[in-house]
Amino acid sequence: MNKKFKNKFISTDILILVLSFVALAFGGALAYLNPSYAGVVALGIIIIVVLIFCNAHTARKFVKSIFYGSGKHSNMQQLSFEKLNVPVAIISKDTIVWYNDSFRDKFLNGKDSYLIQLEKVLPDFDLDHSCEENGADIVIGEKEYTVYSSIPNDESKLWVSYFIDDTQYKTDQREYRLTRPVIMQIAVDTYDDVLKDLKESTRAQIMARLDQMIEDLVVYNNGLVNKYGTSRYTVVLEDRKYQSFYDNQFKLLQDAKAIGGEYNVTLSIGVGKGGVDFAENDMLSRQALDMALGRGGDQAVVKTTDGYEFFGGNSRSVEKRSKVRSRIVANALKDVVLQSDNVLIMGHKMSDLDSVGSAVGLASIVRCFERRANIVIDENKTLAKSLIDWVKQDEGMENLFITPEKAANLIEKNTLLIITDTHTAKMAESTNICELCSKKVIIDHHRKMVDYITDTVVSYHEPYASSASELVTELIQYILPTNAKLSPIQAGALLSGIMLDTRNFSEKAGVRTFEAAAYLRRQSVDTTKIMRLFAIPKEIYSAKATLVNSAETYKGVAISMSDEFSQELSLAVPQAANDLLMLEGVEASVVAILAGDTVRISARSLGGMNVQVLMEYLGGGGHLSMAGAQLKDVTLEQAKAKICESIDNYKK
């Protein structure tokens, strides 16, 4: 029967083509040469139309007989399907070959049209998509339909399509989504550190203008705003109104700066949306605000159940840290160390002076309480080999450093892992150690990343600090007994970390930084030996010069790439990135080298460009003026293309 059906369509198509050609060719010629034959031409055209109609009608009846069957026992079934309220059509390729009464009434204005082209009736209909599980959506006039089609076999090539009118359902669904609650938490993150020093009248004027701006904006968008405390707001909006904040990239951040004028007034905004109820969105908004503050403030962070999205965050963060919090963290760290049998301390991959220096400081704390402490590090992949060798000369520190493989054998149920100078597992020295240890402590100063370690017993994350060594130095002053003292080498390790991340106190060095350095200097530190830690071999100096000389500038960013560097010359990468900042017209620098199957990238800036945002696009991180990333299984050309793409996105 399928073959017979197929032959009927072939004969119909041939007949239409032949008769059409005859009508056009001979009829036109006769009418042109002798107008008296016009009647004959008209008669021929009528005959053609009748034949086409008859063949189309026959094909339609044939399809109907295939679809229904011809037995008398199926009459009731035939009648029910013919009169079904749901529009149904049978489609052969791009042609509608049969339809029921409902289809004719709704889509053909109640008139029969045989073998009509599908695109003439349903121009936006995707037949293949309608065969999928969820069907295909289509709009016809003011109605919306979901179309479900059967999958044809290879012989018949017939689709049976059902048109479900779900206009009301889709309208209600859109309205439901547009009215979903969105909660925003807004904090004036410079209130306690900038505005507090102003005259009361000046501060009141600035806050009054800020209050009015936020209230006017929220009321205009039919939302609710509640101010609590002196500098925080909770805003509730419908999703449809929130979209304007999203579309203008949270212009509220810039408007707040304009209100502050010469004073540094910045906001941090946390947005929670997509939760099942108000409570979940409120929780998401608070997590987003914590993320915004953890990344330095002056930005908006949107948190949904799918992850984070960031806006702004390109300005320098204002130092604001509480010594009270340092004291609380110090006491908590002391308690968790005393409750542990042994402690492992770990920094980030390709450890530097700050990572190793802060780890040495933490080891001194742990050993003060007579607990075993070891620093987990791969000495073959570090930028602080000279510091490690120096620390090993200190009494009792000979066996302080162990490999990740040996550390795994020391992990017990009551082992504590302290992670310093990073807060993500993928950037830690060993992800395996992170997974094996159930008790974790985080101490870090980098701006917060979305994949931060969450299962911690203590987390001391301060993006306003210059270095992890500075944070550890503050903790030491609250933890060590008054009669205890750091050895000159331990204090020197911490001071070297501070000097590295502040570039010898020339960048991101706040009051607390100099206080920490002063404390370490009182521990009989030999600064001459510390300076020797920064000395580099001639080969590294030459490699650094090569990287600087081969740099190219792209939109204000100096980019240098090389695949000729061994592991021993890796130290030249961050140093070259620092030196490139001294070139005229350079806002930031990015240096990358190919090491094995990994491209290691180091980025630097003087604060005008946020290199953390650049590196986050590549899966890395850091903070505003110093960041890095690693790309696996890519060529240098591919890495350079991604770096340029990241710069393009940043400059938008």
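Reader: What follows H13, and what is its phi?
Author: Glu370 follows H13, with a positive phi near 60°. Helices are DSSP runs of H or I, at least four residues, and strands are runs of E, at least two, numbered from the N terminus. The model is predicted: local features need pLDDT of at least 70, side-chain atom pairs count only at pLDDT 80 or more, and totals for chains, interfaces and linings use all residues. Residues are numbered from 1 along each chain as its sequence is written, and side-chain values use heavy atoms, with hydrogens and water left out.

Reader: Which residue caps the N-terminal end of H13?
Author: Asp352. One of its side-chain oxygens lies 3.2 Å from the backbone nitrogen of Asp354.

Reader: Is H13 enclosed or open, and why?
Author: Largely enclosed by the rest of the structure, because 14 of its 16 residues are buried. Buried means under 20% relative accessible area, with a 1.4 Å probe and protein chains only.

Reader: Switching to H19. Which residues are buried there?
Author: H19 covers residues 511–521, and its buried residues are Arg512, Thr513, Ala516, Ala517, Tyr519 and Leu520. They span an arc of only 160° around the axis, so they sit on the same side of H19. The arc is taken from the directions from the helix axis to the C-beta atoms.

Reader: What covers them?
Author: The cover includes helices H12 (323–338), H17 (468–479) and H18 (488–502). Contact means heavy atoms within 4.5 Å.

Reader: And the whole protein, how many helices and strands?
Author: 24 helices and 24 strands. Of the 652 residues, 50% are buried.

Key
Polar contact = N/O pair within 3.5 Å; in protein donor to acceptor, adjacent residues only side chain to side chain.
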